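The sequence and model come first.

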Amino acid sequence: MEPVVDRDQKWLLDCLSATLDTTRDIRSFAEASLQQASSQPGFGAALSKIMVNKEISFGLRQISLSLFIVRLNFLHLAAVLLKQFIKQHWQEDEENFVHPVVSPEEKAAIRQHLLPCLDDSHGKIRTAVSMAVASIAQYDWPEDWPELLPFLLKLISGENNINGVHGSLRCLALLSDDLDDTLVPKLVPSLFPYLHTIISSSHLYEKSLRAKALSVVHSCVSVLGTMSGLYKTETIAMMMPMLSSLMEQFSIILQDPLQSEDPDDWSLRMEVLKCLLQFVQNISNLSETQFSVILAPLWQTFISSLKVYQLTAIEGKQDSHSGRYDSDGGEKSLDSFVIQIDEAICSNFVSNPSIKTLFEFLLTIVGNSRLAKVHINTSITLLLTSHFLDCCYSCQSGCLKVIGRDVKELIYYTIAFLQITEEQEHSWSLDANQYVADEDDVTYSCRVSGSLLLEELINAYGGEAIKSTMEACQSHFSESCQAKVAGSADWWRLQEASLFALVSLSEQLIEAEASKLTKDNLRNLLEQMITEDSGAGIHECPFLHARIFSTISKFSSLINRRICEQSLYAAIQAIASDVPAPVKVGACRALSQLLPVYSENVQPYIMGLLSSLTNLLRQASDETLHLVLETLQAAIKAGQEQSMTIEPVISPIILDVWSQHVSDPFISIDAVEVLEPQSQPVGLVAGSLDLLIMLLKSAPLDVVKAIFDACFNLVIQIVLQSDDHAEMQNATECLASFLSGGRQELLVWAGDPALTMKRLLDAASRLLDPDLESSGSLFVGSYILQLILHLPSQMSLHIHELVASVVWRMQSCEISGLKSSLIVILARLVHLSTPDVDRFINLLLTTPAKGYENALGYVMPEWTKIQGEIQGAYQIKVTTTALALLLSTRHVELAKINVQGNLIKSSVGITTRSKAKLAPDRWTTIPLPAKIFALLSDALIEIQEQALDDDDDEDSDWEEASNNGSGVPQDILYSSTVPSNVNPSVEHLDAMAKVFDEGDDDGDYDDDLTKVDPLNEIKLPEFLTSFVLNLYETDQALFNYLSQNLTDVQKSVVRKVIRRRIQWLVLPPPR
């Protein structure tokens, strides 16, 4: 029978069908038609109707949920039209919103249509519907969709409707990622009994369903954990009743050995471990009894996981189950499990995530001081012997007697997990860069997680753990030797893993306050392993030889000199030979460490080594390039005079490397260091400039002139030519100190004032270059202010160019402190333009700014956004008063600019990471005059609060201020709307205190400016008070209009100013 559809659905079905057509034009036309239809009313409802109509073929129903209209000859039919529709049209204030918004009636229809589809018989349909439901729930639940949770709970409780359980759990899993502290406490009591039923009913529900239920438990417990700080008692009271029953189920799930042929079991155990992590981290009073029930099954999972890991990942002898999918369409291979791991345990390596999650769980226990002492010291005994009496005994004074036996077992198995896998061996053999990157970077894998666990164990248990590590390595070494004799091709993996463990712990092992016997045993073990392993075939066991070289480089201070010298010669030979790339990588590491110590030994071989490294440099790229350059630098230094003879050959190659990687700071610096191994000490120039600045501070004029005569041109040259940020910063400060000390006289000291002025302007031009890295320009603000204050007549000729350069530098700068200093320059120019401040505004209007109509449209939004972050009493006074001057102009262009206003606060509680991604901070937009008025009001608030703290005399800074005393223009403001709240930094508040606390020293920067700048005569409290009073008395209607748009706190401080004025007029002055 034909499915019953109306005309609109028929058209939509035809379009969806056309997207499957093999003809490109037909397919493209259908996609364009659907895109156009998505903006028409009823499109979303039509899609949802198609999903409800179960008589429509599976293929068409699936594409109706597509996220993007993509080519359908891919393995999957892409994703979800409906989800895209929801994302674009559901909520008007969303970033990706596209008009029109969905009507309330259509929203209700879509919600009504979706829920019945959660029990669809097709797993991919259920998943797609769940994604759509979760997308809508982000906006509508619970306020506009109260029936969602009851429906899901009813669906999840239906034992006879497995599809419904699948769909509801999938939906709850998606929703749980966005739960917050307001929803979880209400949800847990209703939801957890159903989840517990699913988890505990292995005879009714398959493992994938139980794992999904556990993932929801994990999300809820994670949120409860974030609440435990403020609501510790309440959250523990909520979690404790369910803890015992969950622990019992966890024990049942973990008690059987892990089976390699059951990937669903891996996933289930992984979710158990993730839940256990949350319990250990968030329940501080987890008792021994509650925790002990899980330990024996946990240990069973740990040791049986090694067998599975050995067969599937290390040896690759059993199926890894890649390419298989669960009922929701999720892949069930080892690769796919990595995606589901806790965010902290992510990895690109193909492995069993349960193992890595288990390592993370053990790391959490060991890292927890209480659990480390109680649970590990006692409970590993329980795991090994299953005797609770031993556990209780070790909790008491005798616990140290069993540490060695307990930790030794854990370390022994952990080292076995560090073996190189078949996938790693294959990948690293083909790509040396990947090998270097994985060795150097902390990318999570079983090797990295296991080595971190070993580090924590040594940190926690010191000498006993060190001894256990050496014993475990010795045992594995003996086992690998036996495997080698038996003909195993993988015998080398355990030896490499043992050496890897020791190398990972090298700093701790060398620095540990261990006995001489322990150090001797470590040296003997290393020398035995290195001597034995060196005899293996280099092509048969390249990674073992690479690890030997790495071991030598880390333990050269401990190992016998003869062995180190032999390894040095072997590394030189490996660099020159046709050996696998990993061996060359290990040889480079060994040479970098050994050459500085054994430089005399290598003189007969140095020319050959330099030649080999130069050839290797031509083949290196990315990660290996850095390593080869580092080794080449060590070889050049070790070669001493001999290295000079090969310089004509090496230099062109190094320069070519430098030119190709000049944008890479690490490689380019390495290349330069190879060319100049004997260069002057790093920081010498910057340090010398620092000394000059110290000499110039408060120096008499004749001393300043003497330093100027000797150093001025050199300092200018550094600013113009250096690329070193520290040198440029110190040179800029030095020039500012010259101006502060020399002032106008400085221009004639060199004999040609015009030339001196030109050099000063050249330096300013370089520092304001928009292409210069921000760090190099960091102190340009102080320098420009000194030019303005001390050379005003000369600078007045260049104001237009200066403003343009400052604006362009602002647009490219990446450091907030630099942008703030540039704002101060513009603010000082505002004052310089008085009494005609309109002239400065007009100047900004005629100055271009990239991406804006003019500079005013760029500068003012930036200025008002960071005003609350500006630091320094002088800077705050200059910028605050400049804003008032700008506002007093009533310039018509100011009202045309909209700026960032208030932060729109979320109505819910804690903002989770996933919620922050979906709904980033949003701000209102308000006219510029409103923002300025709000900022001035906030400055009054800050001053009032500080005044109340510092002085109980309420009349100190709030007495009547003369209208003329602070030079505030009489015509102030014209229109405004709601101002934004300001959240000043701590530094800003400290600086505000210094604005009116004349006794405080504000540092050298302010001191240099306060000595000469007349703006420091302004008392900011009186200035702002007079500003408000002038507005109140000259234009009450405008004042009332602005006041009604202020926040309550801002209104309060403004009213206080007005009341004081009224009281002063009514009351006679005190006698």
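## Helix packing and a buried glutamine

Helix α22 passes helix α23 in a left-handed crossing. The model is a predicted one. α22 spans residues 446–485 and α23 spans residues 491–504. Their axes come within 8 Å and cross at roughly 155°. Angles over 145 degrees count as roughly antiparallel, so α22 is roughly antiparallel to α23. Ten nonpolar residues take part in the contact of α22 with α23, along with seven polar and five charged ones.

The other pair is α21 with α30. Helix α21 covers residues 432–440, and helix α30 covers residues 622–639. They pack at about 75°, and their axes lie 7 Å apart. The range 65 to 115 degrees counts as roughly perpendicular, so that label applies to α21 and α30. From α21, the contact uses Ala432, Asn433, Val436 and Ala437. From α30, Asp622, Glu623, Thr624 and Leu627 take part. By class, four of these residues are nonpolar, two polar and two charged.

| Helix pair | Angle | Axis distance |
|---|---|---|
| α21 and α30 | about 75° | 7 Å |
| α22 and α23 | roughly 155° | within 8 Å |

Now to a single residue. Is Gln729 buried or exposed? Its relative accessibility is 15%, so Gln729 counts as buried; the cut-off is under 20%. Gln729 sits in helix α36, residues 725–742. Leaving aside residues up to four places away in sequence, Gln729 touches Ser775, Gly776, Leu778 and Phe779. Phe779 is 50 residues from Gln729 along the chain, yet their C-alpha atoms are separated by 6.0 Å.

Note on methods:
Residues are numbered from 1 along each chain as its sequence is written. This is a predicted model: local features need pLDDT of at least 70, side-chain atom pairs count only at pLDDT 80 or more; totals for chains, interfaces and linings use all residues. Side-chain values use heavy atoms; hydrogens and water are left out. Axes are lines fitted to C-alpha atoms, for helices over the stretch in contact, and angles run from 0 to 180 degrees between N-to-C directions. Helices (H or I, at least four residues) and strands (E, at least two) are DSSP runs, numbered from the N terminus. Angles under 35 degrees count as roughly parallel, over 145 as roughly antiparallel, 65 to 115 as roughly perpendicular and the rest as oblique. Contact means heavy atoms within 4.5 Å. Ala, Val, Leu, Ile, Met, Phe, Trp, Tyr, Cys and Pro count as nonpolar, Asp, Glu, Lys and Arg as charged, and the others, Gly among them, as polar. A crossing is left-handed if the near helix is turned anticlockwise from the far one by less than a right angle, and right-handed if clockwise. Buried means under 20% relative accessible area, exposed over 50%, partly exposed in between (1.4 Å probe, protein chains only).
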